[in-house]
Amino acid sequence: MSLTPSLAPANVTRILVIKFRHHGDMLLTTPVIHSLRKAYPQAKIDVLLYEETRPMLANHPDINQIYAIDRNWKKQGVRHQICQEWRLMKTLRQQRYSLVINLADQSRSGMIARFTGAPRRIGFDFPRRRNAWWRMCHTDLVSIANHSSLHTVEQNLSVLAPLQLAEPASNVAMHYAASDREKVQTLLGATGDYIVVQPTSRWFFKCWDEQKFAATLQALHDDGHTLVLTSGPDQRELKMVSSIINQMRASDRVISLAGQLTLPQLAAVIDHARLFIGVDSVPMHMAAALQTPCVALFGPSKLVFWRPWQVKGEVIWAGDFGPLPDPDQVDTRTSERYLDAIPVETVLTAARKLLA
């Protein structure tokens with residue numbers, strides 16, 4: 001559904017992009033942001049997201065301002081939450097946006113889009129939002145009929161169809177500051193070439209067996225490589241990294257930065273690595289975006305939607321080695337490790353090929 005003609009670049013002075021999802025989702029919105037920058041070079045582009053995902057876009061050069069909803073507001077009571085969100089909405093309205101791109105599916109995002117007063121507000125025609133309210137919140141609704149066969153990047157870019165852009169950009173980009181690089185250099189010291197290994201995910205059903213990881217890393221260590229292991233700060237992730245290291249014979253040239261890095265700092269580590277090895281997680285998407293050679297262990301997430309975009313390396317799909325459940329039916333609390341069917345030799349062969 002489209003109610004308005006294409007916008008002339010001279011008439012677009014400020015744009016708001018809305019997306020409320022996880023860290024990886026935010027990284028995969030960057031082609032939309034870059035496409036808008038190319039099409040409207042004079043416009044200021046702002047982003048509205050969840051506060052915890054801010055680091056993914058904080059250093060993006062195409063973004064003018066990041067606004068955020070802090071999900072901790074509700075912990076301080078309904079009154080506090082309402083006051084904070086109302087203040088945010090008034091601030092957004094004051095920006096006098098020419099265009100709002102709503103990539104989110106929450107009803108709140110539609111309300112915010114309408115409240116901005118932007119003359120052009122584009123969103124998706126989500127089946128669960130097919131109602132008068134959602135239509136009223138947007139001037140254009142884009143069909144998602146073909147989304148089941150598209151990568152998330154392609155799905156996001158499809159929202160721009162009503163704008164009839166000549167050449168949408170498809171490259172995912174992860175940026176970090178010079179201070180992030182300096183911090184990483186301090187932590188790594190005189191470390192030369194290294195391999196970054198991210199064995200953990202916030203969902204452990206996406207992880208590979210610790211013993212298999214240890215065997216793979218020991219072999220690469222024996223080949224003469226330095227290994228830098230990373231993870232999030234969660235205690236379960238830190239325990240997993242420790243378990244892998246403790247199962248290795250090596251003690252030199254094995255560095256753990258688990259739980260010590262911000263996401264931009266992790267990007268700086270990955271950007272200067274010879275190779276990244278990891279499971280389906282935010283760092284995997286970062287490695288692909290940074291064009292660091294990558295061995296990605298993947299499953300049971302939907303490969304079509306979530307494979308590392310424009311990856312320079314190899315994606316090892318667990319479904320090639322054993323049955324996988326329907327991704328929509330997975331109990332995220334399960335102790336099952338669906339990647340365990342992947343053999344050590346397959347990962348090791350892929351890594352050595354990329355290191356050659």
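**View 1. Helix H8 passes helix H13 in a right-handed crossing.** This is a predicted model. The H8 axis, residues 210–222, and the H13 axis, residues 344–355, come within 10 Å of each other. They cross at roughly 35°. On the H8 side, the contact uses Lys212, Ala215, Thr216, Ala219 and Leu220. H13 answers with Val344, Val347, Leu348, Ala351, Arg352 and Leu355. By class, the contact residues divide into 8 nonpolar, 1 polar and 2 charged. An α-helix has 3.6 residues a turn, so residues three or four places apart point the same way.

**View 2. Arg352 and Asp223 form a salt bridge.** The N to O distance is 2.8 Å. Arg352 belongs to helix H13, while Asp223 sits in the loop between H8 and strand S8 (227–229). The pair therefore ties together parts that are 129 residues apart in sequence. Arg352 is also one of the H13 residues that meet H8. How accessible is Arg352? Its relative accessibility is 35%, so Arg352 counts as partly exposed. Asp223 is partly exposed as well, at 39%.

**View 3. Asp25 and Arg21 pair through their side chains.** This salt bridge has an N to O distance of 3.7 Å. Is Asp25 buried or exposed? Asp25 counts as buried because its relative accessibility is 8%, and the cut-off for buried is under 20%. Arg21 is partly exposed, with a relative accessible area of 37%.

**View 4. Asp125 and Arg130 meet in a salt bridge.** Here the N to O distance is 3.3 Å. Asp125 has 21% relative accessibility and counts as partly exposed. Arg130 has 52% and counts as exposed. In total, the model holds 17 salt bridges.

**View 5. Helix H4 has buried residues along one face.** H4 covers residues 107–115. Ser109, Gly110, Ile112 and Ala113 are buried in this helix. Seen down the H4 axis, the buried residues fall within an arc of 165°, so they line one face. Just after H4 comes Gly117. Gly117 takes a positive phi of about 80°.

**View 6. A cis peptide bond joins Gly299 and Pro300.** Omega is about 0° at this bond. Most peptide bonds are trans. Where does Pro300 lie? Pro300 is in the loop between strand S11 (294–298) and helix H12 (303–306).

**View 7. Arg253 has a positive phi without being a glycine.** The phi value is about 55°. Most residues other than glycine have a negative phi. Arg253 is found in the loop between helix H9 (235–246) and strand S9 (254–256). The relative accessible area of Arg253 is 31%, so this residue is partly exposed.

**View 8. Gln310 also has a positive phi.** Phi is near 55° in this residue, which is not a glycine. Gln310 is partly exposed, with a relative accessible area of 40%.

Methods. Residues are numbered from 1 along each chain as its sequence is written. This is a predicted model: local features need pLDDT of at least 70, side-chain atom pairs count only at pLDDT 80 or more; totals for chains, interfaces and linings use all residues. Side-chain values use heavy atoms; hydrogens and water are left out. Axes are lines fitted to C-alpha atoms, for helices over the stretch in contact, and angles run from 0 to 180 degrees between N-to-C directions. Helices (H or I, at least four residues) and strands (E, at least two) are DSSP runs, numbered from the N terminus. A crossing is left-handed if the near helix is turned anticlockwise from the far one by less than a right angle, and right-handed if clockwise. Contact means heavy atoms within 4.5 Å. Ala, Val, Leu, Ile, Met, Phe, Trp, Tyr, Cys and Pro count as nonpolar, Asp, Glu, Lys and Arg as charged, and the others, Gly among them, as polar. Buried means under 20% relative accessible area, exposed over 50%, partly exposed in between (1.4 Å probe, protein chains only). A salt bridge is a side-chain nitrogen of Lys or Arg within 4 Å of a carboxyl oxygen of Asp or Glu. The arc is that of the directions from the helix axis to the C-beta atoms.
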